[in-house]
Amino acid sequence: TPPENNHPDLPSLLLFKSTSDPSNQLTSWTASNNPCTTFFGVSCLHNRVTRLVLENLNLQNQFDSLTSLTHLRTLSLKNNNLTGPLPDLTNLTSLKLLFLSNNQFSGNFPASLPSLFTLYRLDLSFNNFSGDIPATINQMNHLVTLRLEQNRFSGDVTVLKLQNLQEFNISGNEFSGEIPSVLSSFPVSAFSKNKNLCGFPVGNCTEPGLASPVDKPDSPANTVISSSPTSMPSMTSFRREKSGGDHNGSGGKISMVAIVAIIIGDILVLVLVSLIIYCYFWRNSVKTNGRSKSMSMSMSEKVLEGEKIVYSTSPYPNANMQAGFERGKMVFLDGVRRFEVEDLLRASAEMLGKGGFGTAYKAVLDDGNVVAVKRMKEAAIGGREFEHHMEVLGMVRHSNILSLKAYYFARDEKLLVYDYLSNGNLFWLLHGMLFFTVEYIGFK
Ligand SMILES: Nc1ncnc2c1ncn2[C@@H]1O[C@H](COP(=O)(O)OP(=O)(O)OP(=O)(O)O)[C@@H](O)[C@H]1O
């Protein structure tokens with residue numbers, strides 16, 4: 001026979017085999033083999049056993065010898081026939097996952113467990129453990145899985161204050177007391193089949209007989225959910241519903257009044273938002289009324305008298321002459337005289353919009369010609385100076401600049417005449433479709 005190897009974890013493993021494997025399932029576990037390379041269920045890191053997964057092997061008795069495997073990170077002995085109280089696990093300081101479900105373990109909640117600060121999954125379900133859960137369990141604040149279902153644990157459940165649990169089940173025990181708010185987001189199935197549990201989600205503590213309402217034999221609590229080192233916790237009945245928030249016992253269910261209030265609130269918000277949108281577009285549409293109308297009006301349409309160009313010192317023919325109208329000077333920059341200022345004043349006009357230097361009007365002359373007239377806001381500028389500026393402006397030629405055709409100036413009146421461009425303005429081009437949509441859907 002080959003000589004025994006001297007792997008540091010070999011004695012512990014062989015001792016375990018000799019005491020717990022009477023049906024000789026672990027045939028690969030021999031003194032001559034290297035545990036890290038040939039032992040069934042054993043994985044190593046840096047030549048030390050860090051993972052031991054021995055499931056469904058009909059292993060029996062105790063596993064005290066395994067507590068010498070001080071580098072263990074994962075230990076799964078689920079679905080065997082191991083018995084007795086758990087051994088002292090204090091030495092397993094690296095243990096992260098401990099799965100002991102579906103065995104015959106008994107005794108109290110293992111006192112050594114809370115000292116395992118790195119443990120984050122603990123499954124003791126389907127055993128014969130009994131007694132209270134010690135408050136020291138809360139030291140294991142890394143715990144994300146705590147499965148204690150189908151044991152005979154008892155005592156007040158309020159002791160449990162673990163904040164980070166994602167998978168939790170204490171169903172099928174003899175727990176009592178009010179479910180703490182930190183656990184109330186787990187489903188009813190996580191608490192069912194306990195004698196005297198109350199509070200959300202199982203029932204109101206003040207109403208007798210409401211505790212543990214879900215005791216149906218086929219409830220999810222009775223389903224064996226796979227929990228092993230290789231599988232993630234089930235997302236079905238155990239997953240903490242993050243969106244559900246933290247329920248505090250009696251406040252969990254939304255009353256009818258609350259639902260009605262929420263609906264009314266929603267409607268009010270909708271109306272308010274609609275009103276704001278309506279006001280916004282109404283105001284803008286009023287602002288651009290002249291501009292938008294000009295788009296749709298035909299040349300022959302008459303405009304209202306109020307929309308006529310308002311000249312300060314150059315009133316309409318029927319009024320201006322007797323008011324002492326001061327005749328100014330009308331200059332055409334190309335030298336061809338096409339109309340007189342009187343024609344301009346007589347023309348039907350509508351306001352196109354206001355710019356930085358004055359108001360622009362569309363003027364339809366008697367002969368059908370259409371021009372844009374810009375009435376300068378600052379009319380007090382001297383005649384000679386104005387003329388000079390206009391001459392310079394008249395010389396500007398560029399494909400993107402509308403050339404000045406003519407200008408008129410009197411003492412208190414300055415007018416600039418351009419060809420009328422019927423394509424609308426940039427504002428309309430940008431927002432026209434929006435106006436149309438808003439009008440179409442009935443805001444207007
Ligand atoms: N020749 C034109 N043909 C058609 N519409 C015009 C013409 N000139 C001006 N408008 C319209 O009148 C509006 C006011 O024009 P105006 O030139 O007075 O100011 P603006 O160019 O908008 O602003 P700013 O004076 O600050 O440059 C313009 O937005 C445009 O819609």
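This is a predicted model: local features need pLDDT of at least 70, side-chain atom pairs count only at pLDDT 80 or more; totals for chains, interfaces and linings use all residues.
What share of the contacts in the protein with a separation of 6 or more comes from residues 24 or more positions apart? The figure is 42%.

The protein has 444 residues, of which 30% count as buried. Its secondary structure comes to 8 helices and 20 strands.

Confidence next. Mean pLDDT for the protein is 78, with 74% of the residues at 70 or more. Strand β7, residues 104–107, has the highest confidence with a mean of 96, and helix α5, residues 317–320, has the lowest with a mean of 38. For the model as a whole, ipTM is 0.95 and pTM is 0.48.

Now the parallel sheet. It is open, has 7 strands, and the order is β3-β5-β7-β9-β11-β13-β14, with parallel pairing. Which strands stand at the edges? They are β3, residues 60–61, and β14, residues 196–198; each has a single partner strand, so one side of each is left without a neighbour in the sheet. The partner of β3 is β5, residues 81–84, and the two run parallel, joined by 2 bridges. Within that pair, N61 has L82 of β5 as its bridge partner.

Helix α1 belongs with this end of the sheet. Spanning residues 10–20, α1 has L10, S12, L13, F16, K17 and S20 buried. Those buried residues pack against β3 and β5, and also against α2, residues 35–38. As a reminder, an α-helix has 3.6 residues a turn, so positions three or four places apart point the same way.

N173 is in the loop between β12, residues 167–169, and β13, residues 174–178. Is N173 buried or exposed? It counts as buried, because 25 C-beta neighbours lie inside 10 Å, and the cut-off for buried is 20 or more. Leaving out residues up to four places away in sequence, N173 touches L148, N151, R152, F153, S154 and N194. Its C-alpha is also 8.6 Å from that of S192, which is 19 residues away in sequence.

The second residue is N204, in the loop between β14 and α3, residues 256–287. N204 counts as partly exposed because it has 16 C-beta neighbours inside 10 Å. From N204 to E178 the C-alpha distance is 9.0 Å, over 26 residues of sequence.

On to the antiparallel sheet. This one is open too, with 6 strands in the order β15-β19-β20-β18-β17-β16 and antiparallel pairing. Its edge strands are β15, residues 329–332, and β16, each of which pairs on one side only. On average, neighbouring strands of the sheet are turned by 20 degrees against each other, direction ignored.

Inside the sheet, β19, residues 404–409, pairs with β20, residues 414–419, in the antiparallel sense over 5 bridges. L404 is opposite Y418 of β20. Helix α7, residues 383–395, packs on the sheet and touches β19 and β20; its direction makes about 175 degrees with that of β19.

Which strands each supply at least two residues of the shell around it? They are β16, residues 348–355, β17, residues 358–364, and β18, residues 370–376. The most comes from β16, which gives 3 residues. There are 15 residues around the ligand, and those that come nearest are G353, G355, G356, A372 and N425. Sorted by class, the shell has 8 nonpolar, 5 polar and 2 charged residues.

Definitions and conventions:
Residues are numbered from 1 along each chain as its sequence is written. A residue is near a molecule or strand if its C-beta atom, placed from the backbone, lies within 6 Å of it. Helices (H or I, at least four residues) and strands (E, at least two) are DSSP runs, numbered from the N terminus. Ala, Val, Leu, Ile, Met, Phe, Trp, Tyr, Cys and Pro count as nonpolar, Asp, Glu, Lys and Arg as charged, and the others, Gly among them, as polar. Two strands pair if DSSP finds at least two bridges between them. A residue is buried if 20 or more other C-beta atoms lie within 10 Å of its own, exposed if 12 or fewer, and partly exposed in between; C-beta atoms are placed from the backbone. Two residues are in contact if their C-beta atoms, placed from the backbone, lie within 7 Å. Axes are lines fitted to C-alpha atoms, for helices over the stretch in contact, and angles run from 0 to 180 degrees between N-to-C directions. pLDDT is the predictor's confidence in each residue, from 0 to 100.
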